[in-house]
Amino acid sequence: MSELDPVIHAAARLRITAALAAIGEGDRIAFPRLQEQLAMTAGNLSTHLRKLEDAGYVEVEKAHRGRSPVTYLALSRRGRRAFESYAEQLRAVLGGEGSPA
């Protein structure tokens with residue numbers, strides 16, 4: 001049995017990754033919206049997003065809406081594959097779907 005991905009396994013990063021996986025591939029979410037959904041402080045969310053970004057799991061795009069800066073977040077293709085693999089491994093650990101017979 002392989003180990004669960006330590007980048008995703010931290011509770012906050014698992015919540016972030018799951019939230020980003022729930023939006024469609026190619027879609028993105030604004031930082032304040034994700035912060036609101038997860039009820040996390042901006043600093044805590046930023047810290048965990050940076051770790052996910054460093055791993056290549058999250059794409060961060062900074063833009064402007066009118067004169068206001070806005071940060072958009074999306075799960076990268078690599079991040080989506082990592083999350084799917086993590087979920088499959090977790091199901092196997094828990095003895096559910098994907099576990100050996």
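This is a predicted model: local features need pLDDT of at least 70, side-chain atom pairs count only at pLDDT 80 or more; totals for chains, interfaces and linings use all residues.

Of the 101 residues in the protein, 37% are buried. The C-alpha trace spans about 60 × 25 × 20 Å along its principal axes.

Now for the layout. There are five helices and three strands, and reading from the N terminus the elements go α-α-β-α-α-β-β-α. If you take the contacts between residues at least 6 apart in sequence, 53% of them join residues at least 24 apart.

Next, have a look at helix H2 (residues 11–22) and helix H5 (residues 77–93). Their axes come within 10 Å and cross at roughly 115°. An angle from 65 to 115 degrees counts as roughly perpendicular, so that is how H2 sits relative to H5. The crossing of H2 past H5 is left-handed. On the H2 side, the residues involved are Leu 14, Thr 17, Ala 18, Leu 20 and Ala 21, and they meet Arg 80, Phe 83 and Tyr 86 of H5. Sorted by class, this contact has six nonpolar residues, one polar and one charged.

Is Gln 89 buried or exposed? Its relative accessible area is 19%, and the cut-off for buried is under 20%, so Gln 89 counts as buried. As for its partners, if you set aside the neighbours within four places in sequence, Gln 89 is in contact with Ser 2, Glu 3, Leu 4 and Asp 5.

How values were computed. Residues are numbered from 1 along each chain as its sequence is written. Side-chain values use heavy atoms; hydrogens and water are left out. Axes are lines fitted to C-alpha atoms, for helices over the stretch in contact, and angles run from 0 to 180 degrees between N-to-C directions. Helices (H or I, at least four residues) and strands (E, at least two) are DSSP runs, numbered from the N terminus. Angles under 35 degrees count as roughly parallel, over 145 as roughly antiparallel, 65 to 115 as roughly perpendicular and the rest as oblique. A crossing is left-handed if the near helix is turned anticlockwise from the far one by less than a right angle, and right-handed if clockwise. Contact means heavy atoms within 4.5 Å. Ala, Val, Leu, Ile, Met, Phe, Trp, Tyr, Cys and Pro count as nonpolar, Asp, Glu, Lys and Arg as charged, and the others, Gly among them, as polar. Buried means under 20% relative accessible area, exposed over 50%, partly exposed in between (1.4 Å probe, protein chains only).
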